[in-house]
Amino acid sequence: MSSPKDAAAGVPTTSTVVKIIGCVVGVVGSLLMYGILQERIMTRPYGEGEDEEFFTFSVFLVMNNRLVSMCVAVIVLAVIRGAVAPVAPIYKYAAVSCSNVIATTCQYEALKYVSFPVQTLGKCAKMIPVMIWGYFISNKRYGLYDYLIATGVMAGCTIFALYGPTTSSHGGGGKKSEKETGMYGIALMGGYLGFDGFTSTFQDKLFTGYQMETYNQMLWVNFCSAIISSFWLMSDSSMGDAIAFVTKHPAAMSDALVLSAASTLGQLCILFTIKEFGALLFATIMTTRQFLSILLSCILFMHPLTWQQWIGTVMVFSALYGKVILGGMKKKEPKPDKPDPEVGYGAEERKGLMEGAEKSS
């Protein structure tokens, strides 16, 4: 048991250590499960023999995720007696939701054409569009080391893409060549990064000046996202097809529900981690989780990587860990309610992960 002297000397108490372990297990465990199920649903067939078919309804997954997260947000607000009514005008929640739904759909669709390691590594480059949108929308300025880290991430991703297989085992089907398939998947990842970066920056600008609880924003953004994805499914007549698929293959619905539960649990663990320990520990956990996701995917789904691709992977994560270390050195005590922006995991990262992808990470 820890003594008062230990606490005064800055030595973590037993309860603090237990909380940290809980945060690590909660964030890493839930988001690893989210990544595994995401790949299983989008790249592996359901059924056997003549009944074997692939799940192709990415927007249905988005809708399912948002509905589960919305319900959890309502329960949390009821427990803490938080404000349920929208704090900001509803169109502001809808504007953020629209770009987020498109980003998440691109993320799921990309798995039909590129492997999960490619998708995960590509998501690590999110800081680049966030910096670009931040410059144009919010007139933000970045230091030299920000550009050096972004360059390191981009170089690692480029090496990974050029020196080894990148296509999904599903391959999108059809008669497309491997090169065409890979390029289409990378284009979808580009769409994800662009829209997700825009979502992060745009939401900060839209919600400036509102005293809003995180769970209130979680509730109404997810509500608008569920409405938008539902209209999307009905507009292209895929709602009925998606329901028919999960009725024919109940395992697909089970996987989708567990996927949504894992995503939502990850959101709650992330919020707790940031509140209790700030952005530095969260950034370290997320970077480690992304690396473990790649390793686990390579083992479970047999994605062979060349030695050049491993070098590219190491370059990316070295740059990300460097960002965490430099951010921690610059600001020793980031505020829990507003994490250090230099670490790269501020409100925009929380929101992106709260709504299902990576950060997440």
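Colleague: Let's start with Ser293: is this residue buried or exposed?

Modeller: Happy to, and bear in mind that this is a predicted model. The relative accessible area of Ser293 is 3%. Buried means under 20%, so Ser293 is buried.

Colleague: Where in the secondary structure does Ser293 lie, and which residues does Ser293 touch, leaving out those up to four places away in sequence?

Modeller: Ser293 belongs to helix 11, which covers residues 250–300. With residues up to four places away in sequence set aside, the contacts of Ser293 are Leu32 and Phe116.

Colleague: Nice. Stepping back, how many helices and strands does the protein chain have?

Modeller: Reading along the sequence gives the pattern α-α-α-α-α-α-α-α-α-α-α-α-α. The secondary structure therefore comes to 13 helices and zero strands.

Colleague: What percentage of the residues is buried, and what share of the accessible surface belongs to carbon and sulfur atoms?

Modeller: The protein chain has 361 residues, and 51% of them are buried. Its accessible surface is about 16,500 Å², and the share belonging to carbon and sulfur atoms is 68%.

Colleague: On to the rings: how many aromatic pairs are there, and what is the geometry of Phe55 and Phe57?

Modeller: Rings pair if their centres lie within 6.5 Å, and the count by this rule is eight aromatic pairs. For Phe55 and Phe57 the centre-to-centre distance is 5.5 Å, with 80 degrees between the planes. Both residues are buried. Planes over 60 degrees apart count as edge-to-face, so the geometry of Phe55 and Phe57 is edge-to-face.

Colleague: Why is the pair of Tyr113 and Tyr184 edge-to-face, and how many residues apart are they?

Modeller: The ring centres of Tyr113 and Tyr184 are 4.6 Å apart and the planes are at 90 degrees, so the pair is edge-to-face. Tyr113 sits in the loop between helix 4 (90–110) and helix 5 (116–123), whereas Tyr184 is in helix 8 (residues 178–206). The pair links distant parts of the chain, and the separation is 71 residues.

Colleague: Last one: which residues do ring pairs link into a cluster with Tyr46, and which residue has its charged end over the ring of Tyr46?

Modeller: The cluster joins Tyr46 through ring pairs with Phe55, Phe57, Phe60 and Phe245. Over the Tyr46 ring, 3.9 Å from its centre, sits the charged end of Arg40.

Technical notes
Residues are numbered from 1 along each chain as its sequence is written. This is a predicted model: local features need pLDDT of at least 70, side-chain atom pairs count only at pLDDT 80 or more; totals for chains, interfaces and linings use all residues. Side-chain values use heavy atoms; hydrogens and water are left out. Helices (H or I, at least four residues) and strands (E, at least two) are DSSP runs, numbered from the N terminus. Buried means under 20% relative accessible area, exposed over 50%, partly exposed in between (1.4 Å probe, protein chains only). Contact means heavy atoms within 4.5 Å. Accessible areas come from the Shrake-Rupley method with a 1.4 Å probe; for residues, only the protein chains shown count as cover. Rings of Phe, Tyr and Trp (its six-membered ring) pair if their centres lie within 6.5 Å; planes under 30 degrees apart count as stacked, over 60 as edge-to-face and the rest as tilted. A charge sits over a ring if NZ of Lys or CZ of Arg is within 6 Å of the ring centre and within 35 degrees of the ring normal.
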